[in-house]
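Q: Could we walk through this one together, asking at each step what a label rests on?
A: Gladly; here is the model to look at.

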Amino acid sequence: ADSYARRRPGNPSATPSAKAMDDSLDDGLLARCRRVLSPRRMLQRGEVSGALGDLGTFLPDVVALSSVMGSALPAASFVFFSGLWNLVSGCLFDLPLPIQPMHTVVAVALTEGLTYPQLVASGLWLGAMFTLLGGSGSVERARRCIPVCVVRGLQLGLGLKVFSTGAGMATRERALLTHSLDGLLAALLSAAVALALYGDRKRPASLVLFALGCAGVARALPAPPSLGLHSPLAPVPTVDAADWWHALVRAALPQLPVTLLNAVVATAKLAEDLYPRRDTPSVDAIALSVGLSNLSTAAVGHFPSCHGCGGLAGQHQFGARTGSSMALLGLCKMGLAVALGPAPLLRAFAAFPPAMLGVLLAVGGVELAACARDVRGRCGFVIMLSGAGSVLRLGTGAAFLISCTAAAAFRLAVAAAAVRAAV
């Protein structure tokens with residue numbers, strides 16, 4: 001990753017403590033790993049607190065996918081490899097770059113019913129795409145080929161679908177309140193908490209609701225799970241030609257522009273803004289990291305993931321400043337997955353109160369759809385709404401193709417009008 005990183009001059013006005021935090025990467029990978037994995041550094045209050053900053057996104061995704069897909073999803077492998085790449089990225093970049101499930105793939109899996117082999121295929125497709133883009137230095141050229149309004153249309157449509165799925169899950173139980181904290185009253189209280197804490201980064205609603213949901217899990221399970229040593233590797237599934245095609249059209253192609261814009265370009269820019277005295281990774285380094293992580297472990301249980309811009313902002317807000325926070329989080333995830341194994345994790349996820357999980361999903365849907373607020377201009381709105389409507393009716397694959405076709409048609413119309421005006 002060093003060969004792709006941009007060097008930035010030091011700031012002579014930095015305080016000694018800031019300089020100690022912003023150690024140069026010139027001393028090599030092994031020395032950097034020792035620094036990142038130092039217990040004294042990992043257990044600083046800011047790093048411990050910052051490690052929790054992105055769990056509000058990660059945990060609801062894991063619980064929701066496990067609830068919908070059941071035993072077909074290798075939950076322990078999902079958690080383990082997320083932790084492994086937390087650890088690797090923390091050591092490579094020494095920045096609090098998160099590992100987040102790709103939200104478009106999550107949304108498609110929840111609302112359009114991707115199978116596990118199709119999830120594996122989508123991870124391999126995306127891994128190959130981002131490895132090629134990052135390794136060839138083509139990220140910026142690829143990003144310019146896809147209009148922002150196309151991306152926002154997909155996000156708006158998927159956000160609405162996820163919100164609808166969450167609302168249905170939250171109101172499925174008609175009893176007022178059950179022993180496991182499910183029911184209409186629990187849904188109303190969860191929605192009130194989500195509204196009261198919406199936008200509060202120091203007390204994120206997702207973490208509060210997850211903690212309440214864990215109380216429901218504790219009431220539902222008769223005894224705590226037993227600990228042991230379990231293999232984190234999921235069996236490699238059989239992926240046929242239809243799975244490869246559905247994964248490409250329904251998940252990988254719609255996810256590609258979203259990740260390019262929100263998890264590569266935006267993350268690189270935010271890292272520069274947050275850490276101006278640090279060596280921050282280039283867009284190509286981040287794309288290569290995303291590509292290699294998915295390409296190497298998607299077949300054995302790693303869910304398609306990326307370095308999310310929102311996760312970086314959340315972890316910084318909670319106090320993380322170095323890769324040690326990610327290393328700590330990664331070690332905890334890996335230890336949890338190996339100690340519990342797939343069956344206890346699935347039982348715990350299945351016992352999570354649907355009322356609270358539905359509200360978490362609805363909040364996630366709102367956040368995904370709210371990305372569309374930056375679209376400007378009549379043409380941009382038409383393309384965005386065409387894409388969103390197509391997602392709701394036809395699915396993400398068709399919506400992506402329709403949006404790209406509409407954007408190309410508008411470009412040709414503008415070019416033709418310019419030629420006529422010149423004549």
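Q: What makes up the secondary structure of the protein, in helices and strands?
A: The secondary structure comes to 20 helices and two strands. Helices (H or I, at least four residues) and strands (E, at least two) are DSSP runs, numbered from the N terminus. This is a predicted model, where local features need pLDDT of at least 70 and side-chain atom pairs count only at pLDDT 80 or more, while totals for chains, interfaces and linings use all residues. Residues are numbered from 1 along each chain as its sequence is written, and side-chain values use heavy atoms, with hydrogens and water left out.

Q: What pLDDT does the protein average, and which elements have the lowest and highest means?
A: On pLDDT, the predictor's confidence in each residue from 0 to 100, the protein averages 85, and 93% of the residues score at least 70.

Q: Why is Ser 77 called buried?
A: Buried means under 20% relative accessible area, exposed over 50%, and partly exposed in between (1.4 Å probe, protein chains only). Ser 77 has a relative accessible area of 5%, so Ser 77 is buried. This serine is found in helix H6 (residues 75–93). Leaving aside neighbours within four places in sequence, Ser 77 is in contact with residues including Pro 232, Leu 233 and Val 300.

Q: Why does Leu 340 count as buried?
A: With a relative accessible area of 11%, Leu 340 is under the cut-off and therefore buried. Leu 340 is found in helix H16 (residues 323–340), and among its contacts, leaving aside neighbours within four places in sequence, are Pro 225, Leu 227 and His 230.

Q: How do you know that the radius of gyration agrees with a compact globule?
A: The radius is taken over C-alpha atoms, and the globule rule is 2.2 Å times the number of residues to the power 0.38. For 423 residues a compact globule would have a radius near 22 Å; the protein has 22 Å, so the two agree. Buried residues make up 53% of the 423 residues.

Q: What makes helix H13 kinked, and where is the kink centred?
A: The bend at a residue is the angle between axes fitted to the seven residues ending there and the seven starting there. In helix H13 (residues 241–274) there is a kink of about 45 degrees, centred on Leu 248.

Note on methods. Contact = heavy atoms within 4.5 Å.
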